[in-house]
Amino acid sequence: MTTTKELWENALVELELSISKPNFNTWFKDTHIVRIEDGSVYLGVPSQFARDWLSTKFHKDILRSLRGLSESVRTVEYIISRGAKKSSDEAARIVPPPVTELALEAVHAKTNLNPRFTLSTFVVGPFNELAHAASQAVIRKPGIAYNPLLIYGPTGLGKTHLIQAIGNHFRLQTPDRKVYYVTSERFSMDYVSALQAGKVQSFKEKYRQYDLLIMDDVQFLAGRDKIKEEFFHLFNFLHDSNKQLVFSSDQHPNVIQNLEDRLKSRFAAGMVIAVTPPDHQSRLAIVRTKAALHNVLLPDEVLEYLATTIEGNVRELEGALNTLLIQFEMRDTPLTLNDAKTLLRGAGAAAKKAVSVQDVVKTIANFYGVEEASIYEKTRRKEVVRPRQVIMYLLREDFHISFPTIGEKMGGRDHTTVIHSCEKIKNDLRGDSILNQEIHQIRLMLK
Amino acid sequence: MKFESPTDQLLKAVSTAARFAERRANLPALSAVLLVSEGGRLTLRATNLECGVEITLPVKMDGDGVVAVPAGVLLGFLSNARGKSVTASLSGELFKVESDKVQASIKTLPHEDFPILPRVSAEKSFTVKASDLMRAIRAVAYCASTSTIKPELQSVLLYGDAGKLTLVATDSFRLAEKNIVLKAGGSVPQLLLPARNAAELMRILEGASGDVEIYYNDNQLSTHIGDVYYTSRLIDGAFPNYRQIVPKTFSTEAVVLREDFSTSLKSLSVFADKFSQVSFAVNPAKKAITLSSRNPDVGEQISTIKATISGEDLAMNFNGRYLADSLQAIAGDSVRVQSNGPGKAILIKDAADETFFYLAMPMNR
């Protein structure tokens with residue numbers, strides 16, 4: 001069994017013999033077999049000129065040579081597709097022009113997707129591997145695997161990257177099926193302008209035609225009744241016809257305020273996955289990958305420093321890395337750790353504002369709804385013990401206060417108690433996703 | 001095959017067709033003008049497979065026939081022909097032309113290799129005034145990119161809705177947009193017409209009067225203008241969403257006389273360096289714009305033009321050619337220049353005409 005590519009190559013060899021060289025070079029370059037269906041060969045040609053001429057002038061030759069190679073071929077159809085055409089000078093490096101470029105985005109108009117976002121540029125770590133795996137499943141079996149897929153988590157962790165990547169892979173995989181990426185904001189605006197222009201019907205038709213609809217930041221739908229209703233019907237329509245839906249949000253749908261239960265339950269019907277801020281290892285992997293993308297080799301200690309100081313947000317991490325890269329490009333000498341420290345002063349390190357122990361205690365006590373004073377007391381009531389341990393853990397991890405000092409501040413406790421508490425939380429963090437979520441929330445509050 | 005035609009008519013048709021012929025063609029037939037005589041009419045065809053043209057002429061003729069004549073040779077002969085009329089005939093592989101005692105025999109090319117010109121069904125079309133379309137192409141096409149890396153930027157974008165047809169082109173350093181009245185056609189989707197082909201369409205439109213109806217499908221665009229049929233392929237791609245980068249509010253605004261601006265830019269170009277760098281400073285206190293250019297090998301020039309200014313001081317460097325280009329699309333007396341400060345784009349408009357704008361980015365050093 002030969003592949004379509006081989007089949008066409010063999011046919012071309014034969015055609016080259018029966019057709020004059022100029023004719024062959026003019027008409028057969030950039031042609032390829034798009035697909036073979038029920039004995040019909042669909043031949044992709046670069047333009048209508050080529051289609052019209054090949055079908056009138058060379059149809060018999062093409063058909064004859066294809067039939068000679070494969071008996072199942074009955075007809076040849078010509079379709080205009082520029083899929084195979086790849087200009088070779090695309091890779092050519094161009095000299096940066098002396099004029100600043102306009103910020104034109106290369107957003108794909110039909111799908112509204114940014115082709116820059118693909119899975120291959122997505123760094124996977126423990127913090128997002130589930131979301132990544134689910135995305136791959138959706139790409140493999142759109143409409144079947146997890147429908148809808150909702151990815152939630154705080155800003156700057158690659159939610160948009162991931163959901164756009166699903167769209168981009170889907171588009172490449174099945175170019176004839178329709179995919180569309182829209183932010184909920186844009187969706188709302190579309191609806192409002194359709195309403196004003198009296199074109200609600202065409203709005204409905206527009207969104208109902210898609211085989212894969214990706215909506216970013218669905219939390220913004222909350223509180224807009226008309227739009228929520230329109231969205232609800234759209235959701236039902238697409239979901240009932242087994243069209244894949246992919247969403248992102250900054251919170252779990254169940255905690256989005258002003259969102260009706262019918263929408264919450266629909267979001268939750270498929271798969272709801274969190275992305276959490278990356279751990280140290282992942283951050284290190286991210287800076288490595290991004291630096292490699294820019295073809296820059298940074299010393300390990302600088303990468304390490306980046307991954308340690310800039311916590312939480314991947315976007316900030318990229319920002320800090322870019323600051324370093326620009327410096328690196330401008331001066332041609334290798335970056336040392338000290339350079340990096342000077343350059344990034346104010347980026348991550350200073351972002352941690354001075355927080356007193358009292359503040360931490362107050363915030364965490366508030367968070368858990370226990371009285372601040374009870375933290376300092378000797379009580380071992382369960383509802384107080386956990387917050388107290390969390391406080392000690394955070395004081396140690398985030399503020400690097402010594403164990404004895406923490407013990408002292410916590411109402412004169414022994415430093416071994418503090419060590420035990422920190423170990424306890426650390427161990428619990430491994431299996432307890434609720435605790436993870438809580439600590440993350442607290443860290444945000446302390447910033 | 002034999003025909004006779006007034007020299008000027010034939011010359012005009014051949015010179016139009018010759019522009020569409022491919023000079024360095026792989027396929028020899030593509031460097032030819034195909035002449036088809038049939039039923040009292042002579043049809044000339046030429047194409048480079050990017051765009052194509054077909055021109056019909058009424059001629060006196062004797063017998064039908066087809067011949068492919070090298071475009072350059074035929075044009076060379078006709079442009080120097082003195083006589084009022086030209087007679088032509090085919091004998092064997094030689095195309096014989098004669099005008100006022102000058103005779104020539106031109107070796108023909110195999111006409112069987114000459115392709116058919118694509119036709120576009122009349123299903124989807126729009127109508128605009130020919131002169132409007134011509135001016136709109138002229139107003140934007142020079143902004144298209146010449147690099148082959150992004151074919152979508154090598155094109156002129158056309159789209160229309162609500163009685164308005166918009167043409168846009170950009171090479172990502174500057175951008176021009178022109179709106180004209182869309183007489184019929186409802187909503188026109190985004191069509192990417194290669195800029196070179198757009199320029200040919202513009203030249204054909206130059207002599208035309210009245211309205212022109214443009215037919216299109218996903219891959220091809222065609223139109224009839226008088227006796228001329230024009231067709232071009234469309235580029236499959238996505239034009240960047242440029243609307244979002246057009247600034248709406250400005251920190252500095254100046255109005256100057258077009259004549260002043262244009263003259264000083266021309267004069268400055270003499271002193272400009274290899275990047276055509278011109279520095280552009282707006283001084284609200286002095287009510288003047290100061291332009292200067294400097295080339296270490298030539299010298300320097302400073303010119304000051306009067307302006308009505310509101311907003312803040314501004315000093316930026318531009319490619320002088322980019323600034324000058326914008327003025328060719330502006331017909332009014334005064335030009336409005338708007339900006340949001342260093343590093344940001346500058347917006348240039350006809351002060352009295354909202355249908356056109358031009359956006360240029362400053363130089364980054």
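## Helix pairs in chain B

Axes are lines fitted to C-alpha atoms, for helices over the stretch in contact, and angles run from 0 to 180 degrees between N-to-C directions. Helices (H or I, at least four residues) and strands (E, at least two) are DSSP runs, numbered from the N terminus. In this predicted model, helix H5 (residues 258–269) of chain B packs with helix H6 (residues 320–327) of chain B at an angle of about 145°. Their axes are 10 Å apart. The crossing is left-handed, meaning that the near helix is turned anticlockwise from the far one by less than a right angle (clockwise would be right-handed).

Two residues are in contact if their C-beta atoms, placed from the backbone, lie within 7 Å. On the H5(B) side, the contact residues are Arg258(B), Phe261(B), Ser262(B), Leu265(B), Lys266(B), Leu268(B) and Ser269(B). They meet Gly320(B), Leu323(B), Ala324(B) and Leu327(B) of H6(B). This contact holds six nonpolar, three polar and two charged residues. Here Ala, Val, Leu, Ile, Met, Phe, Trp, Tyr, Cys and Pro count as nonpolar, Asp, Glu, Lys and Arg as charged, and the others, Gly among them, as polar.

Helix H3 (residues 130–140) of chain B and helix H4 (residues 195–206) of chain B pack at about 140°, with axes 9 Å apart. H3(B) also passes H4(B) in a left-handed crossing. H3(B) contributes Ala130(B), Leu133(B), Met134(B), Ile137(B) and Arg138(B). H4(B) contributes Ala198(B), Leu201(B), Met202(B), Leu205(B) and Glu206(B). Eight of these residues are nonpolar, none polar and two charged.

## Nonpolar cores

A nonpolar core is a set of buried Ala, Val, Leu, Ile, Met, Phe, Trp, Tyr and Cys residues joined through C-beta atoms within 7 Å. Buried means 20 or more other C-beta atoms within 10 Å of a residue's own; exposed means 12 or fewer, and partly exposed lies in between. The largest core has 131 residues. Ala17(B), Val33(B), Val140(B) and Val156(B) touch the most other members. Leaving out residues up to four places away in sequence, Ala17(B) touches Val33(B), Leu44(B), Ala46(B), Val53(B), Ile55(B) and Ala71(B). Another core lies apart, with 59 residues, including Phe127(A) and Phe247(A).

## Chain A

Chain A has 19 helices and eight strands. Of its 447 residues, 32% are buried. Among its contacts between residues at least 6 apart in sequence, 71% join residues at least 24 apart.

Leu446(A) sits in helix H19 (residues 433–446) of chain A. Leu446(A) counts as partly exposed because 16 other C-beta atoms lie within 10 Å. Val360(A) is 86 residues from Leu446(A) in sequence, but 7.1 Å away in space, C-alpha to C-alpha.

## Backbone details

Asn147(A) and Pro148(A) are joined by a cis peptide bond, with omega about -5°. Pro148(A) lies in the loop between helix H4 (129–140) and strand S4 (149–152) of chain A.

Ala162(B) is not a glycine, yet has a positive phi of about 50°. Ala162(B) is exposed, with 8 C-beta neighbours inside 10 Å. Ser276(B), also not a glycine, has a positive phi of about 55°. Ser276(B) is buried, with 21 other C-beta atoms within 10 Å.

## Confidence and conventions

The model scores ipTM 0.77 and pTM 0.59.

Residues are numbered from 1 along each chain as its sequence is written, while chains are lettered from A and ligands numbered from 1 in the order in which they are written. Because the model is predicted, local features need pLDDT of at least 70 and side-chain atom pairs count only at pLDDT 80 or more, whereas totals for chains, interfaces and linings use all residues.
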